[in-house]
Every structure is written in C-alpha cells, then in structure tokens.
Amino acid sequence: MTVNDPHTPSKPARTLAAALAVGAILLFAAGLVAGLLHAPVALGLGLRCAGIALLVPFALRRRSLLVWTFLAMLAGAELGVDAPGVASQTHFLGEIFLRLIRMIVAPLIFGGIVTGIAGHNELRGVGRVALKSLIFFEVVTTFGLILGAIAIDITQAGAGVTLPAVVDAVAPVAHAQGWQQILLNIFPENIARAVAENQILQVAVFALLFGAALATLPEAKRAPLMSVLQSLTETMFRLTKIIMVVAPVAAGAALAYTVGSMGLATLLPLGKLLVTCYVALAVFLLVLALILVFARIPVGRFAAAVAEPAALGFATTSSEAALPLAMERMEEFGVPRWIVSFVIPTGYSFNMTGSSIYLSMAALFAAQAGGLHLNVGQQIVLLATLVLTSKGIAGVPRATLVILMATASSFQIPAAAVLMLLGVDTLMDMGRTAMNVIGNCLAAAVVARWEGELKPADG
C-alpha cells in the first residue's frame, strides 16, 4: 500500500469535507422548516439552494454513489418544493431505473445460486442456510412488531385524531392468505412466468433445484454449462455496476415526485406518527448493531457496505431496486456468492425487518384514531395476526395497506383510520424499505458467520 497516495485526502481535508456536508444538510433542513413555518419564500429557497451548493464540492471530491445519491435526493426534494408541476413529471425516470433492475434480478439470482451450489459442492449446506435464514427473519420481524407496538403505545400518536367523514366506500378489498397458499406460492409452476411476474422467491427455488440437479451430474457433463453460468453471473454483476451509474438520477426523481405530488404541508397532521416511526427505526438500528457485535461482525465495515443499498432503497421505496447492489456489496464484504444469492432474495419475500415496525405501529395508530382501547391481550392477538398475514406479500403494490385492511376488519378498526395513513405512507415507506434492505444484508452476514463462511476483509 502506498503511504502517500496523492489521491487520498489528508485528515484535515476529510474533516473539512465532513463539516461542509453537515453544514449543507443543516442549511437544507432549515430551508424546509422555513417553508413549513410560512417564512418568506426567498429565505427558504436561499437556505435550501445554499445547502445543495455546499454539498456539491463534497460530492465532487468523494465520487461515491452514496454521496451522489444523497445530493440527488436533496435536489429532488428542492424541485418538489419549488416546482411541483415539473417534479410530478419526473416519475418516469425512476420507473426506467426499476425496469432496468427487474431486467437483471432473475439471471443474477439464478446464476449466483446455481454456480454456488453446483460449482462449490454446497448442496449439503443449502438446507442449513435456508433454516437459519427463516429463523433469523422470523425472530427479527417479531421483535420489530413488538417494538412498533411499544413505540405507538408510548406516544399515543393516534389519540385525538379526527377521522374523515366518509372513506369506507374506497377501501381496498383485502384478503389474508392461508398458510397453504403462502407455501404454494413459493414453488413455481412455470419459470418463465415466475421471471415475468418478478416472483423472486420462485426464481430462487428453481435455481436451488436446478443447481442440485446439476451438482449430481458427472464433471464432464457439468463443466460446459457451469462455464456458461459463471460467465452469465459475472456479466450480470458487471451490468449492475453500469446500471448503478444512473441510480442517483432515479433517486432524485423519485423524491421529487413524492414531494411534488404530496407537498410538505400535508405531513403536519400526521407528523407525530412520522416522528414515532423514525425514532423506532433508529432504536431498531441499535438492536441490529448489537446483533452484529454478538455475531462478531465488524459494525463499521458492515455499515459502510450497506450504506449505498440502503440509501437507494430509501430514495426509491423499493427493496427490489436495491437488491442487485446489496448482493454485490455483501459479496465484497466477504459473504460467499451462493449464500448472498439465496439469503437476500429469500429476505425479499420473508424479511419484514422495517415493515414489521410500521405494521404494528400503523394498526395501533388506526385503533387509537378510531377511539378503540386495546388491552395488552388484544394487542398480543393483533401482533400474532400481523405475523401471519404479513408473509408472502412481497411485490404486492401497497402490500402493507392490504395487510392492515385485512387485519383491521377483524378488530373492528375503522377503514377510515387505516386510509388516513396514505398521507404519510410514502415517507414512512422510505424508512421501512431502507431497514428491510439492511435486514436482508445483516441476515446474509450473520448466516455466513454461523456457517463459518464469512471471509475476512482483504488486506
């Protein structure tokens, strides 16, 4: 390693850059607050623009996907605040990015799992990894539900909220799936259909079976196909790097659309719920950090690895958008590709790390807003119901709303109280999606550690 690398900033330069970044964020936040408090328009605009301008030199120095994504998010928020008409037309940029991501997810997962199982004789480890992954997801999700319930019970954010007069007519039809249907949906009946419908877990199951079958073939017959699949997987990871170049643009466009279509002022009535949600997510981050310490996984290095995928999930409110980048970063972190390719897609369907906090919080908020007082026993039954109804809903638009409507009807919670949440659902979705991404990556690292397969950092 070169001691005096001319491209490596000195410590004073890094300190100054960090100070500029913090100052930029504070200026931008002050500009948003000024707008909410109906301060002169020029004051709010000036503060926000100054914050963005101050962050540009920092971004140019770092040349990091995380920094550029954050800068694009600030610029998108500014566009949404001051030019909502223009911002509402930017949604297509995020949709293009999501289509590109969906294009590579299936071959990336398929190639990673098959080459890992058939190429490294990991057939015997698949069952253990699957069981450990599901146990981890279930334990962490249940804890998230409990944390969300405790947080909303403390703040009582729904107490005293006035419900809209008539909204029951527009309530979505919600049907909770039985356990047989959830189990059935894991297995594909047509792999082409599973890919077309973006059924990530079905693709993973097919890859597991295909890899197991390939592993049983003689080496002479297995080698040609293995060579093709290894080249396919490497190409997909390279294509991921190319697509991620436009990730900041997609993140900025997504946030511009959100702010431009909703407006910041609409958040005030549900601000207490929003703050409660993010405080609970922050507490949950501390819990995940403790899990890392207990599993003897470097917290700082893990945080650096998941920062970019989490930021992308936060901006786009899509775990799917962050999935390829999360897989790439976890492999760089030291998790074997076959474990990454299995655990993270499985988490896409079964991990509700962030969503679990929101679900229990939103259900009890709706109950409080509807004037219902649920005792501890009723809350435990409600949480148990959410545990069951939240399985197998990944990829369903407004999935959490569907779950809440299905659960609310069983507890006489007014549909009006649930539909109120639409006002801040997108902003809370940002936090819970980022947490889901972090939870997926954490599961991959923890399972790899349990299996003794987590590689140390290079150098």
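A crossing of two helices is called left-handed if the near helix is turned anticlockwise from the far one by less than a right angle, and right-handed if clockwise. Helices (H or I, at least four residues) and strands (E, at least two) are DSSP runs, numbered from the N terminus. The structure described here is a predicted model, in which local features need pLDDT of at least 70 and side-chain atom pairs count only at pLDDT 80 or more, while totals for chains, interfaces and linings use all residues. Residues are numbered from 1 along each chain as its sequence is written, and side-chain values use heavy atoms, with hydrogens and water left out.

The chain contains 20 helices and zero strands. Of its 459 residues, 50% are buried, where buried means under 20% relative accessible area, exposed over 50%, and partly exposed in between, for a 1.4 Å probe and protein chains only. Among the contacts in the chain with a separation of 6 or more, 82% are accounted for by residues 24 or more positions apart, a contact being defined by heavy atoms within 4.5 Å.

Helix 2 covers residues 41-62, and its 22 residues should span 32 Å at 1.5 Å a residue, which agrees with the 32 Å between its end C-alpha atoms; the expected span is 1.5 Å times one less than the number of residues. The buried residues of helix 2 are G44, R48, G51, I52, L55, F58 and A59. An α-helix has 3.6 residues a turn, so residues three or four places apart point the same way. A50 is also found in helix 2, but this residue counts as partly exposed because its relative accessibility is 33%. The C-alpha atoms of A50 and G23 are 9.7 Å apart in space, although the two residues are 27 residues apart in sequence.

Two packed helices are described by the angle between their axes and the distance between the axes. Here axes are lines fitted to C-alpha atoms, for helices over the stretch in contact, and angles run from 0 to 180 degrees between N-to-C directions. The axes of helix 2 and helix 3 (residues 65-82) come within 9 Å and cross at roughly 160 degrees, so helix 2 is roughly antiparallel to helix 3. In this scheme angles under 35 degrees count as roughly parallel, over 145 as roughly antiparallel, 65 to 115 as roughly perpendicular and the rest as oblique. The crossing of helix 2 and helix 3 is left-handed. On the side of helix 2 the contact is made by L45, R48, C49, I52, L55, V56, F58, A59, L60 and R62, and on the side of helix 3 by V67, W68, F70, L71, L74, A75, E78, V81 and D82. Divided by class, this contact has 15 nonpolar, no polar and four charged residues, where Ala, Val, Leu, Ile, Met, Phe, Trp, Tyr, Cys and Pro count as nonpolar, Asp, Glu, Lys and Arg as charged, and the others, Gly among them, as polar.

The axes of helix 13 (residues 299-316) and helix 14 (residues 319-333) come within 9 Å and cross at roughly 175 degrees, and helix 13 is therefore roughly antiparallel to helix 14. Residues R301, F302, A305, V306, E308, P309, L312, G313 and T316 of helix 13 meet A321, A322, L325, A326, R329, M330 and F333 of helix 14. The contact of helix 13 with helix 14 has eleven nonpolar, two polar and three charged residues.

For helix 9 (residues 200-215) and helix 10 (residues 219-243), the axes come within 10 Å and cross at roughly 145 degrees. This contact involves F210, L214 and A215 of helix 9 together with R222, L225, M226 and L229 of helix 10, and by class it has six nonpolar, no polar and one charged residues. R222 counts as buried because its relative accessibility is 12%. Not counting residues up to four places away in sequence, R222 touches A118, L214, A215 and L217; R222 and A118 are 104 residues apart in sequence and 8.3 Å apart in space, C-alpha to C-alpha.

Some loop residues were also examined. I186, in the loop between helix 7 (179-184) and helix 8 (191-196), is buried, with a relative accessible area of 16%. Leaving aside neighbours within four places in sequence, I186 is in contact with L201, Q202, V205 and F350. Most residues other than glycine have a negative phi, and most peptide bonds are trans. Q156, however, has a positive phi near 50 degrees; this residue is in the loop between helix 6 (123-155) and helix 7 and is partly exposed, with a relative accessible area of 34%. R296, which is not a glycine, has a positive phi of about 60 degrees. R296 lies in the loop between helix 12 (271-294) and helix 13, and counts as exposed at 60% relative accessibility.
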